[in-house]
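This report looks at a ligand site, at one residue that takes part in it, and at a strand that contributes to its surroundings.

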Amino acid sequence: MAVVGGSIAGCSAALAASRTGADEVVVYERALGRLQDRGVGLALHNDRYAELEAAGYLDAGMPWVQLARRPWVVRRGAERAGHEIGVLPFPFRSYNWGSLWRELRSRIPETVTYRTGAAVAQVLPQEDGAVVRLADGGEERFDLVIGADGYRSVVRAAMYPDAFARYGGYLAWRGTLPAEQLPGPAEAFLPQDATTVAFPGGHMIVYRIPGPGGVGTNVNWVFYATPPASTRPWFDDPTTVPPRATTQILTDYLHRVVEEHFPPFWQEVVHLTPAEETFVQPMYDMAAPHFACGRLVLLGDAASIARPHTGSGAIKAVQDAAVLERSLRSADSWAAALHSYDAERAPVGRAVLELGRSLGRAQVQQTPEWTVMDQRAMDSWWQEAGGGSGFGGHTLRR
Ligand SMILES: Cc1cc2nc3c(=O)[nH]c(=O)nc-3n(C[C@H](O)[C@H](O)[C@H](O)COP(=O)(O)OP(=O)(O)OC[C@H]3O[C@@H](n4cnc5c(N)ncnc54)[C@H](O)[C@@H]3O)c2cc1C
């Protein structure tokens, strides 16, 4: 079997494929060497983590920080850390993306060939398999090709040329800083909190994650807002990379919004974050019509993209792999296995896509009047936005 892409979904898929007893598993990862750890965080729901631990994909050896509460705050007068309008539960474990990837990578058995600097240019479906054509011109044939190659997937392009990612209309600015650089007082930001600063037209969620190599703790923030209209053309086409000039426009915009709407403590958190530790991620939406077709199969972001508000991008990727393993083990033909995988995972991909859109509308594109909210109003707003079901990912069937 071949796995195209060697990130979270690719490493999980390689593990899945090797556990089915495949004679040969080759991972093609276009990046050279280790994948670059951008140092930022991701969060896994406690219950979804427990299911994947039981399935043998994750374990407690991967460094994490336990989170519990999500206080929502707004700017009010001179209140240093803002005024709390409500608290939602946040039973998540937070991870450093890079350390999670390294742990998954280290779990791939030696029998798997993990090729770096191997960009796949095209995948050619055949009657009983598929050919992987590399950018350097080489070709190899496999019984099954697993597309774990992210939102611009070449495997998906071979299955559904019209299914490409569409810009959702706004961005996430991400940043990290060492926890020891946090301003005071300590009560402004408790260790188990995923504090959310709400403002007209967006919000910023802030939580702690393990530091590089699991040593110490970093603070990770994700700020969501619609950028100035002049930048839109750069994000409408997911195949283009925004030019450097947009970086300054977007940085200035972030700082303007923060100064206008954030309580002083949270302004300082953003201002203390070094420029090289921030980056921008456009929101994209996409779900492939099916996650399997012939001998091609899709996992993770290649199959469907979950906006980060759903708290389920990495969970969905690892779950996809766990279900693919179960389907391949229990069916007596390729066709039956892939049909069963698609039937179980494609509806989850679509549901998560819709939840991401709905949470994006409620939290960014059509924000409520935050300042008049109290706990009751927040609870019903969250339910209406869809947060009561599927937030943090869907249950993994046994
Ligand atoms: C370097 C990196 C850092 C990230 N950091 C964060 C983070 O900090 N927080 C967070 O929430 N999410 C992060 N993500 C995204 C997160 O990992 C995904 O949303 C989720 O885990 C699903 O991942 P995926 O493996 O499906 O897709 P991706 O993580 O996008 O991985 C796709 C992989 O396929 C490879 N690839 C793509 N095309 C080809 C090709 N033609 N040939 C060979 N290889 C190819 C890419 O190089 C990449 O490694 C990051 C992704 C990457 C690649």
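A residue is called buried when its relative accessible area is under 20%, exposed when that value is over 50%, and partly exposed in between. In this predicted model, Asp 301 has a relative accessibility of 34% and therefore counts as partly exposed. Asp 301 lies in helix α8, which spans residues 300–303, and, apart from its neighbours within four places in sequence, Asp 301 is in contact with Gly 150, Tyr 151, Arg 156 and Met 286.

Asp 301 also belongs to the ligand site, where 28 residues surround the ligand and the closest are Ser 7, Glu 29, Val 40, Trp 97 and Asp 301.

| Residue (polar backbone atom) | Distance to a ligand oxygen atom |
|---|---|
| Ile 8 | 3.4 Å |
| Val 40 | 3.4 Å |
| Asp 301 | 2.8 Å |

Taken alone, the ligand exposes 920 Å², of which the protein buries 86%. The shell around the ligand comprises 15 nonpolar, seven polar and six charged residues; α1, β2, β3, α8 and α9 each supply at least two residues of this shell, and α9 gives the most, with three.

Strand β3 (residues 41–45) is largely enclosed by the rest of the structure, because five of its five residues are buried. Gly 41, Ala 43 and His 45 point one way from β3, whereas Leu 42 and Leu 44 point the other way. In a regular strand the side chains alternate between the two faces of the sheet. Five bridges join β3 to the antiparallel strand β7 (residues 92–96), and in this pairing Ala 43 stands opposite Ser 94.

Key. Residues are numbered from 1 along each chain as its sequence is written. This is a predicted model: local features need pLDDT of at least 70, side-chain atom pairs count only at pLDDT 80 or more; totals for chains, interfaces and linings use all residues. Side-chain values use heavy atoms; hydrogens and water are left out. Helices (H or I, at least four residues) and strands (E, at least two) are DSSP runs, numbered from the N terminus. Buried means under 20% relative accessible area, exposed over 50%, partly exposed in between (1.4 Å probe, protein chains only). Contact means heavy atoms within 4.5 Å. Two strands pair if DSSP finds at least two bridges between them. A residue is near a molecule or strand if one of its heavy atoms lies within 4 Å of it. A polar contact is a pair of N or O atoms within 3.5 Å; within protein, one must be able to donate a hydrogen and the other to accept it, and residues adjacent in sequence count only if both atoms are side-chain atoms. Accessible areas come from the Shrake-Rupley method with a 1.4 Å probe; for residues, only the protein chains shown count as cover. Ala, Val, Leu, Ile, Met, Phe, Trp, Tyr, Cys and Pro count as nonpolar, Asp, Glu, Lys and Arg as charged, and the others, Gly among them, as polar.
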